[in-house]
Amino acid sequence: MRVMAPPVFRPAWAEVDLGAVADNLRAVKAAAGGAEVWAVVKADGYGHGAERVARAALAAGASGLAVAMVEEAVVLREAGIDVPILLLSEPPAEAMGEVVARRLVATLYSHTALEALGREAAAGPQPLAVQVKLDTGMHRVGATFEDALAVAVSVQRHPRLTLDGVWTHLAVADEPARADFTTGQCSRFDRFCEALGDAGVRPRMRHVANSAGVLLAGATYDMVRVGIALYGYAPNATVAVPVDLRPALSLVARVVQVKELDAGDRLSYGLRYRLAERSVVATVPLGYADGVPRRLSEVGGQVLVGGQRRPLAGTVTMDQLLVDCGPRATVQPGDEVVLLGRQGDEEITADDWATRLDTISYEILCGIGPRVPRVYRR
Ligand SMILES: *Cc1c(COP(=O)(O)O)cnc(C)c1O
C-alpha cells in the first residue's frame, strides 16, 4: 500500500535553511576547541524538523545527536539515522527494552533505572553504552555526588553496559554576571571526575555545556550539547556570542484577503484595535494554533509586508491574524508576509517576539505547531 502525504493548500509555511544549520554547527565547532559537538534535536529540532536538522548537522561535523525522550529517538531511528543518540532524561523502566533494541545512549541517575536497563541489556548483542548524570546545582534531574558515583561504578562493573560518559547541566551559563555559580558547578563536576578516577572508573567522555556553556562560559570538556545555537540564536538575547549565527527558520504566509476600512473601524475579537485613519488591512492565515502567540498583537508585534514593518491589528485568532498595512497600501491577496525572517532590508527574529513577550527564543521556535508545513532550503 502506498501512503500519500495529505495535500497542503493553506498558503503558510515555515522555511528552514539547512545551510544556516550547517554554518551554525561549524561556527560552534570552531569555538569548541576540539570537543565533539552533538546536535540537540529534541522537540522536533526546536520546531525545525528533527530528521532534516539531524542530517544537516551530521553532514557538517556533528558527532552525535541528543533528544529528551525515547519516543523522539525512535522517530530518528525509524528515519534510518544510525549515529549515537543520547537521551537527556532517564528513560522510564518500561522504555528500557526500546532503548536496547534501538541502541540508544541512556542517561542514568538512579539504581532502579540502572537495574531495569541492565536486565534488558542482558539480551542485547553487545554491551550497551550509557551515561551518568550528576546534579551540580540546577536541581532538575541528576544524581547526588554519592549516587552518581555508585551508579557509575555499577555501570563500569556491569558485564552488559559500558560507561560512555558522565555529565552535568548548567543553570545560568547564559548569564555572564553569574559566572561564579557556573564555575562552582564545573568545580563540583571536576571533583566528581576525580572521585571516579580514584575509584578506577574511566568514562569515555565528560561534558557539561549547552550552547551557553560553550559560547559564553567556555566549558567545553570533551563534548558540547548544542541546541539553540544550531538554530541560529544566542542563548540569551541580551548577551552577544563570539561567533556568527544565522537564524535558520522563517515563518511566512500569503495574504488571503485585503480590505480598505474607515477611520474608527475596530478589528478582530474584542474589537480591541481601532484604525486611526482609513487604512488597508490584510488577513494572514496563521494564528495561535500555529504558534503565533495570541498576545503578540497587544505587545506591539509586527510583520513584514512589502519590505516594511507593519503592526498586527487586533487579537491574533486561532487560524488567522490581521495586519494594518496603513493608508493607500498596495498590498494584494497572494503577497508574501514574513512573520519571522527577512524581507528586503528588514528582519524580525524569534528574539524580537520573545523580548516583547518576556520569554526566550526557544519557546517561540518550539511553539511553531505541526499544522505549519516545513519547507527546506539548502
Ligand atoms: C535542551 C538541552 C541542551 C541544549 O541546550 P541549548 O541551550 O539549546 O543549547 C543541552 N543539554 C540538556 C541537558 C538539555 O536539556
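Student: Okay, Arg-356. Buried, partly exposed or exposed?

Tutor: This is a predicted model, so keep that in mind. Arg-356 has 29% relative accessibility, so it counts as partly exposed. The cut-offs are under 20% for buried and over 50% for exposed.

Student: What does its side chain meet in a salt bridge?

Tutor: Asp-352. The N to O distance is 3.2 Å.

Student: Where do Asp-352 and Arg-356 lie?

Tutor: Both are in helix α10, residues 350–357. They are four residues apart, about one turn of the helix.

Student: And Asp-352, buried or partly exposed?

Tutor: Partly exposed, because its relative accessibility is 22%.

Student: How many salt bridges does the whole structure have?

Tutor: The search finds 20. One of them joins Arg-102 and Glu-98, with the closest N and O atoms 2.9 Å apart. Glu-98 is partly exposed, at 33% relative accessible area.

Student: What about Glu-346? What is its salt bridge partner?

Tutor: Arg-309. Their closest N and O atoms are 3.0 Å apart. Glu-346 sits in strand β19 (residues 346–348) and Arg-309 in strand β16 (residues 308–311), so this pair ties together parts 37 residues apart in sequence.

Student: How exposed are those two?

Tutor: Glu-346 is partly exposed, with a relative accessible area of 28%. Arg-309 is partly exposed too, at 28%.

Student: Which residues are linked in a network of salt bridges?

Tutor: Arg-10, Asp-290, Asp-319 and Arg-371.

Student: New topic: rings. How many aromatic pairs are there?

Tutor: Four. Take Tyr-46 and Tyr-362: the ring centres are 6.0 Å apart and the planes are at 35 degrees, so the pair is tilted.

Student: Where are Tyr-46 and Tyr-362 in the chain?

Tutor: Tyr-46 is in helix α2 (residues 42–46), and Tyr-362 is in helix α11 (residues 361–367). The pair links distant parts of the chain, 316 residues apart.

Student: Are they buried or partly exposed?

Tutor: One of each. Tyr-46 counts as buried, because its relative accessibility is 5%. Tyr-362 has 24%, so it counts as partly exposed.

Student: What about Phe-189 and Tyr-221: what kind of aromatic pair do they form?

Tutor: An edge-to-face pair, 5.4 Å centre to centre, with 80 degrees between the planes. Phe-189 belongs to helix α8 (residues 179–198). Tyr-221 is in the loop between α9 (211–215) and β9 (223–226). They are 32 residues apart. Phe-189 is buried, since its relative accessibility is 0%.

Student: Which residues do ring pairs link into a cluster?

Tutor: Tyr-46, Tyr-231 and Tyr-362.

Student: And what lies over the face of Tyr-376?

Tutor: Arg-52, at 4.4 Å from the ring centre.

Student: On to sheets. In what order do the eight strands of the open sheet come?

Tutor: β4-β3-β2-β9-β8-β7-β6-β5, with parallel pairing. β4 (85–87) and β5 (106–108) stand at the edges with a single partner strand each, so one side of each has no neighbour in the sheet. On average, neighbouring strands are turned by 35 degrees against each other, direction ignored.

Student: How many bridges join β8 to β9?

Tutor: Two, and these strands run parallel. His-207 has Met-223 in β9 as its bridge partner.

Student: Which helix packs on the sheet, touching β3 and β4?

Tutor: Helix α4, residues 70–78. Its direction makes about 165 degrees with that of β4. Helix α7 (residues 145–157) lies across β5, β6 and β7, and runs at about 170 degrees to β6.

Student: Last one: β1. Mostly covered or mostly open?

Tutor: Mostly covered: five of its six residues are buried. β1 pairs with strand β10 (residues 249–254) in the antiparallel sense, over five bridges. Val-16 stands opposite Leu-249 there.

Student: How many bridges join β1 to β20?

Tutor: Four, and those two run parallel. Glu-15 has Val-375 as its bridge partner in β20.

Terms used. Residues are numbered from 1 along each chain as its sequence is written. This is a predicted model: local features need pLDDT of at least 70, side-chain atom pairs count only at pLDDT 80 or more; totals for chains, interfaces and linings use all residues. Side-chain values use heavy atoms; hydrogens and water are left out. Buried means under 20% relative accessible area, exposed over 50%, partly exposed in between (1.4 Å probe, protein chains only). Two strands pair if DSSP finds at least two bridges between them. Rings of Phe, Tyr and Trp (its six-membered ring) pair if their centres lie within 6.5 Å; planes under 30 degrees apart count as stacked, over 60 as edge-to-face and the rest as tilted. A charge sits over a ring if NZ of Lys or CZ of Arg is within 6 Å of the ring centre and within 35 degrees of the ring normal. Axes are lines fitted to C-alpha atoms, for helices over the stretch in contact, and angles run from 0 to 180 degrees between N-to-C directions. Contact means heavy atoms within 4.5 Å. A salt bridge is a side-chain nitrogen of Lys or Arg within 4 Å of a carboxyl oxygen of Asp or Glu.
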